[in-house]
Amino acid sequence: MLQNNAGNDLPISASGGFVFSTALTNGSIYAVTVLTQPVYPDQTCSVTNGGGTLVGADITNVVV
């Protein structure tokens, strides 16, 4: 389960792109985090490029 800005939970069940349901406005700060780690199989996930400020375009470089 991922979160953006300590809310907007997003369950992830497969590899690939993802989109949070709540859109951000230009100039908004974002902070993507792992809320819960996968249990089966047991894995530890981390986020790369998970924080910053939205400046004029979709964020496409967040990697989990």
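Modeller: The protein chain exposes about 4600 Å², and carbon and sulfur atoms supply 55% of that area. The model behind this value is a predicted one. Buried residues make up 19% of the 64 residues in the chain, and the C-alpha trace spans about 35 × 20 × 15 Å along its principal axes. A compact globule with 64 residues would have a radius of gyration near 11 Å, and the 12 Å of this chain agrees with that. The secondary structure comes to 0 helices and 4 strands, so that, read from the N terminus, the elements run β-β-β-β.

Now to the part you asked about. Strand β1 covers residues 2–4, and Leu2 is found in it. Leu2 has a relative accessibility of 4%, and because buried means under 20%, this residue counts as buried. Leaving aside residues up to four places away in sequence, Leu2 touches Asn8, Asp9, Leu10, Ile12, Phe18, Phe20, Thr33, Val34, Leu35 and Val64.

Thr36 is 34 residues from Leu2 in sequence, and their C-alpha atoms are separated by 7.2 Å, whereas Gly27, 25 residues from Leu2, has its C-alpha atom 21 Å away from that of Leu2. For the chain in general, 41% of the contacts between residues at least 6 apart in sequence join residues at least 24 apart.

The largest pocket has a volume of about 460 Å³. Of the 16 residues lining the largest pocket, Phe18, Val19, Phe20, Asp58 and Ile59 are the closest to its centre, and Phe18 and Phe20 are both among the contacts of Leu2. By class, the lining of the largest pocket has 10 nonpolar, 5 polar and 1 charged residues. The second largest pocket has a volume of about 390 Å³, and of its 18 lining residues Ile12, Ala14, Pro38, Cys45 and Val64 lie nearest its centre. The lining of the second largest pocket divides into 11 nonpolar, 7 polar and no charged residues.

The loops deserve a careful look as well. Asn5 lies in the loop between β1 and β2, and it has a positive phi of about 55 degrees although it is not a glycine; at 38% relative accessibility, Asn5 counts as partly exposed. Asn49, in the loop between β3 and β4, has a positive phi of about 60 degrees and is likewise not a glycine, and its relative accessible area of 41% makes it partly exposed. Pro41 lies in the loop between β3 and β4, and the peptide bond from Tyr40 to Pro41 is cis, with omega near -5 degrees.

Definitions and conventions: Residues numbered from 1 in each chain as written. Predicted model: local features only at pLDDT ≥ 70, side-chain atom pairs only at ≥ 80, totals over all residues. Heavy atoms only, no water. Helix = DSSP H or I, 4+ residues; strand = E, 2+ residues; numbered from the N terminus. Rg over C-alpha atoms; globule rule 2.2 N^0.38 Å. Buried < 20%, exposed > 50% of the residue type's maximum accessible area, 1.4 Å probe, protein only. Contact = heavy atoms within 4.5 Å. Areas by Shrake-Rupley, 256 points an atom, 1.4 Å probe, with all protein chains shown as cover. 1 Å grid on protein atoms, 1.4 Å probe; cavity = no way out; pocket = protein on both sides within 12 Å on 5 of 7 lines; lining within 4 Å. Points joined across faces, edges and corners; volume = space filled by probe spheres on them. Nonpolar A, V, L, I, M, F, W, Y, C, P; charged D, E, K, R; others polar.
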